[in-house]
Amino acid sequence: MRGVGVIEFGGPEALQVVDLPEVHAGAGEVRIRVHAVAVNPTDTMLRNGSRAAALADVPPPYIPGMDLAGVIDEVGPDTGTELAVGDAVMAMVVPNASHGAYRESIVLSADAVVRAPAGASHVEACTLPMNGLTARQSLDQMALSPGQTIAVTGAAGCYGGYVVQLAKAEGLRVVADASEADEQLVADLGADVVVRRGDDVAERFREAAPGGVDGLADGAVQSDLVVAAIRDGGAYASVRGWGGTGERGIAFHRTMVTSYDHRADLLDRLREQAEDGTLTLRVAATYPPDEAAAAHARLEAGGTRGRCVITF
């Protein structure tokens with residue numbers, strides 16, 4: 001079975017096609033014939049060795065990937081699910097050494113797998129699970145109420161775009177940042193006010209919400225540069241584990257999507273929202289396994305709108 005991973009950490013060129021052993025579904029598990037995997041920033045961190053300490057005692061290859069879509073081809077006993085062989089599905093994967101999404105076949109707990117959105121291709125479906133669940137978790141952590149205002153940095157990205165769309169669906173007023181080239185995209189995603197991005201974006205958020213925003217989802221990882229945009233007692237959600245400054249009674253949340261693993265209920269709700277048009281599945285380009293390095297290089301170059309996808 002083919003996978004894409006690294007033997008030695010490094011740049012995009014470190015990625016290579018590797019042979020992996022066949023896997024089979026056990027109790028409570030399903031096996032998925034993987035057809036598409038999305039390339040996310042967290043994948044590049046596994047590849048370049050940023051997380052090497054966690055793998056110090058584990059032999060390579062190390063397989064990245066947190067997002068996949070494919071078809072179930074084996075169902076183990078006692079799954080407690082209606083999923084069946086032949087179902088088109090999607091799932092989030094928490095990588096562990098060779099257990100990442102960049103592979104032709106993978107075994108996952110059935111409670112981490114849901115049907116893919118009706119009418120979506122495998123390529124489109126694989127862009128939803130991890131980023132959608134991350135956006136969902138940030139909103140859950142901030143627990144804003146309809147009518148309140150949320151600011152979103154990195155709104156043109158996948159996480160930021162999903163936050164914008166989910167927040168609008170929940171009755172929030174959305175103020176989002178964008179480059180000049182992305183202003184229309186972010187407006188089309190549903191932002192009520194679009195401001196120019198930059199290191200002084202907090203000031204522009206304050207112009208749109210003079211009393212300060214009630215919550216801020218920091219997809220661009222601006223950290224302390226954007227705290228001033230939040231009102232006293234407001235909320236902040238970080239996608240990179242930043243603990244915040246502790247100032248003005250602001251609740252600083254670390255959004256760690258791995259804690260939403262096995263949440264098929266939440267992922268299935270995202271499926272429904274993709275089907276009803278609440279969420280937009282965005283694809284930038286597709287790549288075969290032997291061109292995975294090009295997908296990583298494109299992501300790291302910046303400016304990608306939608307996900308690069310590796311197809312098997």
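I began with a search of the whole structure, which is a predicted model, and the search returned 19 salt bridges.

I then looked up Asp87, which forms a salt bridge with Arg115, and I noted that the closest N and O atoms are 3.6 Å apart. Asp87 lies in the loop between strand S4 (67-75) and strand S5 (88-92), while Arg115 lies in strand S7 (residues 113-115), so this pair ties together parts that are 28 residues apart in sequence. I also checked accessibility: Asp87 has a relative accessible area of 17%, and because buried means under 20% I recorded Asp87 as buried, whereas Arg115, with a relative accessible area of 36%, is partly exposed.

My next entry is the salt bridge between Asp214 and Arg231, where the closest N and O atoms are 2.6 Å apart. This pair links distant parts of the chain, with Asp214 in strand S11 (residues 213-218) and Arg231 in strand S12 (residues 230-238), 17 residues apart. I found Asp214 to be buried at 13% relative accessibility, and I noted Arg231 as partly exposed, with a relative accessible area of 25%.

I went on to Asp265 and Arg263, whose side chains meet in a salt bridge of 2.7 Å, N to O. Asp265 is partly exposed, with a relative accessible area of 45%, and Arg263 is partly exposed too, with a relative accessible area of 31%.

Terms used. Residues are numbered from 1 along each chain as its sequence is written. This is a predicted model: local features need pLDDT of at least 70, side-chain atom pairs count only at pLDDT 80 or more; totals for chains, interfaces and linings use all residues. Side-chain values use heavy atoms; hydrogens and water are left out. A salt bridge is a side-chain nitrogen of Lys or Arg within 4 Å of a carboxyl oxygen of Asp or Glu. Helices (H or I, at least four residues) and strands (E, at least two) are DSSP runs, numbered from the N terminus. Buried means under 20% relative accessible area, exposed over 50%, partly exposed in between (1.4 Å probe, protein chains only).
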